[in-house]
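Please open the structure in a viewer and keep the selection panel at hand.

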Amino acid sequence: MTEVFVNSRFKGEVDDPHKFVGSIIGERRKGNVPQNVNVYYDETADTVFVDGTKGRVVRPLIVVKDGKLMLTDKHVQQLVKKEIAWEDLLKQGVIEYLDAAEEENAFVAFFEGELTPDHTHMEIHPIALIGLTTSLVPYGNYCHSTKLAIGGKNQKQAVGFYASNFSVRMDMDVNLLQTPQAPLVATIMHEISNYNAHPAGQNIVLAVMGYMGYNIEDAIIINKGSIERGFGRTSYFRPAIAEELRYAGGLTDQICVPDKDIKGYKTEVDYRYLEEEGIIYPEAKVGEGDVIIGKTSPPRFLSSMDEYNLTSNIRRESSVSLKHGERGIVDFVLITENGEGNKLVQVRLRDHRTPEIGDKFTSRHGQKGVVGAIVPQSDMPFTASGITPDIIFSPHGIPSRMTISHLIELVGAKTGALAGRNIDGTTFVAESEIDLRKELRSLGMRDNGTETMYNGHTGKQMHARIYIGNMYYLKLKHMVSNKIHSRARGPIQLLTRQPTEGRAKEGGLRLGEMEKDTFVAHGASLLLKERFDSDKTLVPVCEGCGVIAIYNEFKNKSYCPTCGDNVEINNVEISYAFKLMLDEFKSLGIYPRMMLESKY
Amino acid sequence: MDKLFKSYEGKIPENLLKDVKDNLPAKVDKAKAEKVLERVYSEYIESKVDAGESVGLIAAESIGEQGTQMTLNTFHYAGVAEMNVTVGLPRLIEILDGRKNISTPMMEIYLNKPYNKGKDIKQIALSIKETKLKDLTHEFSINIAELIIEVALDKKAIDSVGIDINLVGKKIEKALKAYEVKQKDNIITIKSIKEQPLNELYKIKEKLKGVHISGIKDVYQVLPVKRGEEFIIITAGSNLKAAFDNEYVDSNRTTTNNIFEVSNVLGVEAARQSIIDEVFKVIESQGLNIDKRHMMLVADMMCSSGVIKGVTRYGVVSEKASVLAKASFETPIKHIISAALLGEEDKLNSVVENVMLNQAVPVGTGLPGLQTKIDK
């Protein structure tokens, strides 16, 4: 007797599990059992599991009966003519969804040619095995699976032509590739996903070689000429938003050029770009601190005193201005209303980004790298026919990562570029490498993709033949100009008087606990003290009671709030954080005393 | 010559001086010997740690940095079930925390002269392994009508361990008080002298299973191993005191990896050496290379009070003189409150406190001060 579980609950027993499972599957194909029900017979445990619950991953397969596909040419013709759709195939039992468990009982063929009477299913297409982004990697069956996943992941970060109506969109933080190209080596998924309407990369010439040590550790060398011809040039868009909010008491924000007597008024220079309505004009070149949208807000607290105060009409400055390190050109100004009918102003900033040292680029095979040097075209190595590579890629990135697909794409794209056609690189069904090589040879090239090259500086022929060809390269959204940061002096936190944290706040770079330990271990005690001087303060300490005294600047005299001014008061240099801790102790009812003695 | 050596006593450590004495060629004149001694002396002075060197932090960094590279947490002996040893970072943490109950206690038992040649080594090993009553019985049953526990002994098992069958009854009698134990060949009946509920009897039955019959208590696995010329026994489970009482065991060389046991049986100095050895074993097994002196320093810190203290907030850290230093390591509120209640004073003599106050730390360049006091 075989136990039967329905949705993981024990329901009963059957005599012949195979017949039972077969009948359920049969009924499902007929449409008498819902499509999402899956059956699985576990032979070792002699148990049947019937499952129709949510949350299982299922995938479609073509049903095979007696070694023959249920999907006939008639079906295909009807599909092409759009007489039937996917749902009809499901209803007819031509295609069915299997979950991970039922797949265990299935025998799935890859291609029609390998069908035998034992097969139960066939893949719709071999790339149905892998996901959408992963199948965008050409020659994926020649690649290490983890690198394939990384390659797919990297493509999601690529800067491309994300939407053709970008000029009227107000997306936050987007990049746009100025001259995108369709890939030379594409997969069927590029076609399905209409990739060529929104491509994210460019076809470039890649040489696999070293270049004076500037491409060690996954760095790449970029040809300056290529950048000048448009490689990797992107635009960066970021909108600034201001609303006229309403407050209690009929008060509202006002988008305008702020008056000079307003609270928090910046300098006149900061408002120089604003037009009468208080909004900046398009194509204005703005930099750090410049006001884009002028705005004033009503005062924060309305006390009864203000009613009698003649100067009560003081409004606050609340303009939108560029933060530290930001710059750009005003691209687009939009004045509209928000959902509540308040005035809403959006100003889109545009910034031009040419590739620079530290920008991140990748091929489609998880071979990412940052720019190590930008070399003038005159210094780049060249082939006998005068081709200079756009990118030089280090050969050390290949052996340990085993991304053979990267190498095959190079030959494929080279063949495609020379023959003037696109190459199909779909995983499992791509054009074979042997054919590509044959074609490459017929085009007058060496069939292994190498060429004789000459040193760009000296013109000497190189001893080694260089593997060179075309490739589809992507610029990733991680750019140095968004990340570069340094600080000598700068803003501090109000509470602790220590430097702020993070690039956006122009923060300091923390010297942490373990870094501190290294100073101590070296015995560099005074250097350590200096490092931590960022919040040092001079406090007067009363020798009588040991708490912090008060310094009166007018009288140039210190006095103690408890002991008066007839006690000895000395100035002590401590960190402000410590002073703060002592204050917190006091607030807890703990009396911390500082007992002073001469340091020397 | 002796006079010359005598003059260096106190200048050069004793064992160093002895080394020189032993290794000096027999025919060496006094002038040359003095030259050697002077050189040894200057080398000795040279090798001393400088004043103000942060030895503790350097030790911590030296062990800590390498500690991040440790892989592999357990080691298994081939062929023996339950014989796995905690190594790597978990073991290091266990030692330095000063845990009383370590995860895999082990002993390396060296045997006395005639027994260490490998003859009857299996027999000896088995006699060391603890035998509990449950290892020697077919079944335990409770006679509910008469409130009697009946234990049916397994004769074969008893024979293989090699003990007298009547001994089992005596051992049970010893372990249980206020119970009447009778043995008839391989059946032992146990009856309570006082009237007792069935519950109690059941508890006693469970207790009986663990009654110690023979061997060294807590040693639940033995493995004879050939080391060099002789055979030793590696055990899982440790009981150093009982092992020393065993007639086969060479108590001079037998060790355990349980530091507290070493401390209890052999004293705190032995425990210090044991800490060093155990830490060194971990480091060595990971293929790392850390100077032994770092471990010696840590071991000294842990043992200096006479009992073993772990490097935790209850152990070494609680010994710190500074309130602020204690508070900056785990549980600050607890330390601040107790300092406030007791009116504790912080002399600001150590590293962390001075970093908090942004004062020069009294190590290295921050150490020197002025000899003369200056007037205000």
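**A buried aspartate**

In this predicted model, begin by selecting Asp533(A), which counts as buried because its relative accessibility is 17%, and buried means under 20%. Asp533(A) is placed in the loop that runs between helix 13 (525-531) and strand 30 (536-542) of chain A.

**Chain A as a whole**

Next, select chain A and colour by secondary structure; 14 helices and 33 strands are present. Along the principal axes, the C-alpha atoms of chain A fill a box of roughly 110 × 80 × 65 Å. The radius of gyration of chain A is 35 Å, whereas a compact globule of 600 residues would have one near 25 Å.

Now display the contacts of chain A. Of those with a separation of 6 or more, 64% are between residues 24 or more positions apart.

Colour the charged side chains next: chain A carries 70 positive and 78 negative ones, and the centres of the two sets are 4 Å apart.

**Domains of chain B**

Finally, select chain B by domain: domain 1 (2-46), domain 2 (65-104 + 257-319), domain 3 (131-214) and domain 4 (322-366). Between the C-alpha centres of domain 1 of chain B and domain 4 of chain B, the distance is 45 Å.

Key: Residues numbered from 1 in each chain as written. Chains lettered and ligands numbered in written order. Heavy atoms only, no water. Helix = DSSP H or I, 4+ residues; strand = E, 2+ residues; numbered from the N terminus. Rg over C-alpha atoms; globule rule 2.2 N^0.38 Å. Contact = heavy atoms within 4.5 Å. Lys, Arg positive; Asp, Glu negative; His and termini not counted. Charge placed at Lys NZ, Arg CZ, Asp CG, Glu CD. Domains from an automatic or database assignment. Buried < 20%, exposed > 50% of the residue type's maximum accessible area, 1.4 Å probe, protein only.
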